[in-house]
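Student: I'd like a close look at one part of this model, taken slowly and with the cut-offs spelled out.

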Amino acid sequence: MNKHLRNIFIFLIHLNIVMLVAINNKKSSIIKDVETYEINTNSGKIKDFKNSLPEEKEIVNLISQLTKLGNDLNLVMPGIHYNPLKMAKSGYKNLVLTFGVEGDYRKIRQFIYNVETLRKLIYIESLSLRKSSSEGDNLAIELQVSTYFK
């Protein structure tokens, strides 16, 4: 191979190596930027989640809100029982509410939907269904819901 071609070939190999190193550095920089973005985004989401948790003093408001949901649908709600707040592993206080609801199937279904879509963080932990002891085709459910407080 002639010396001139050999020098061009060595130059092209060197140029390719330089370009690969530059691409690899850019790739590393992009990966770091993405990781930083994900950490910042998740931190924001965690912060939003923490801010969405109600204060302990809002327990009465939550119970009133659940009662109002039932009353607005003309459902019978004999009472809401709750256990004292327990500290969860997360460091937040967990409240479990248990209550019965009686009424028409469609209204009970709407009530459950309304509970699930409350702006508060509420989980339906259990639900049992039975025929109501009152006359007619009414149903009765027993709900156990859970929520967290700061």
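Where is the place of Asn138?

Tutor: Asn138 is in the loop between S4 and S5; helices (H or I, at least four residues) and strands (E, at least two) are DSSP runs, numbered from the N terminus. Before going on, note that this is a predicted model, in which local features need pLDDT of at least 70 and side-chain atom pairs pLDDT 80 or more, while totals for chains, interfaces and linings use all residues. Residues are numbered from 1 along each chain as its sequence is written, and side-chain values use heavy atoms, leaving out hydrogens and water.

With 28% relative accessibility, Asn138 is partly exposed, the class between buried (under 20% relative accessible area) and exposed (over 50%), using a 1.4 Å probe and protein chains only. Skip the residues up to four places away in sequence, and Asn138 touches Gly103, Asp104, Lys131 and Ser132; touching here means heavy atoms within 4.5 Å. Along the chain Asn138 and Leu75 are 63 residues apart, yet their C-alpha atoms are separated by 9.9 Å.

Asp104 leads us on to H3. At the start of that helix, a side-chain oxygen of Asp104 comes within 3.1 Å of the backbone nitrogen of Arg106. The end C-alpha atoms of H3 are 17 Å apart, which agrees with the 16 Å its 12 residues should span at 1.5 Å a residue (the expected span is 1.5 Å times one less than the number of residues). Ile108, Phe111, Ile112, Asn114 and Val115 are the buried residues of H3. Looking down the helix axis, you find them within an arc of 160 degrees, so they line one face; the arc is that of directions from the axis to the C-beta atoms. Arg106 and Glu116 are exposed on the face turned away from that buried side. Covering the buried residues are, among others, H2, S3, S4 and S5.

A search of the whole structure finds one aromatic pair: Phe99 with Phe111, edge-to-face, 6.2 Å centre to centre and 90 degrees between the planes. Rings of Phe, Tyr and Trp (its six-membered ring) pair if their centres lie within 6.5 Å; planes under 30 degrees apart are stacked, over 60 edge-to-face, the rest tilted. Because Phe99 is in S3 and Phe111 in H3, the pair ties together parts 12 residues apart in sequence. Both Phe99 and Phe111 are buried.

Both belong to the largest nonpolar core, which has 24 residues; Phe99, Phe111, Val101 and Ile108 are among those with the most contacts inside it. Such a core is a set of buried Ala, Val, Leu, Ile, Met, Phe, Trp, Tyr and Cys residues joined through side-chain atoms within 4.5 Å. At least two of its residues come from each of H2, S3, H3 and S5. Beyond four places in sequence, Val101 has contacts that include Ile108, Phe111, Leu139 and Ile141.

Technical notes
A polar contact is a pair of N or O atoms within 3.5 Å; within protein, one must be able to donate a hydrogen and the other to accept it, and residues adjacent in sequence count only if both atoms are side-chain atoms.
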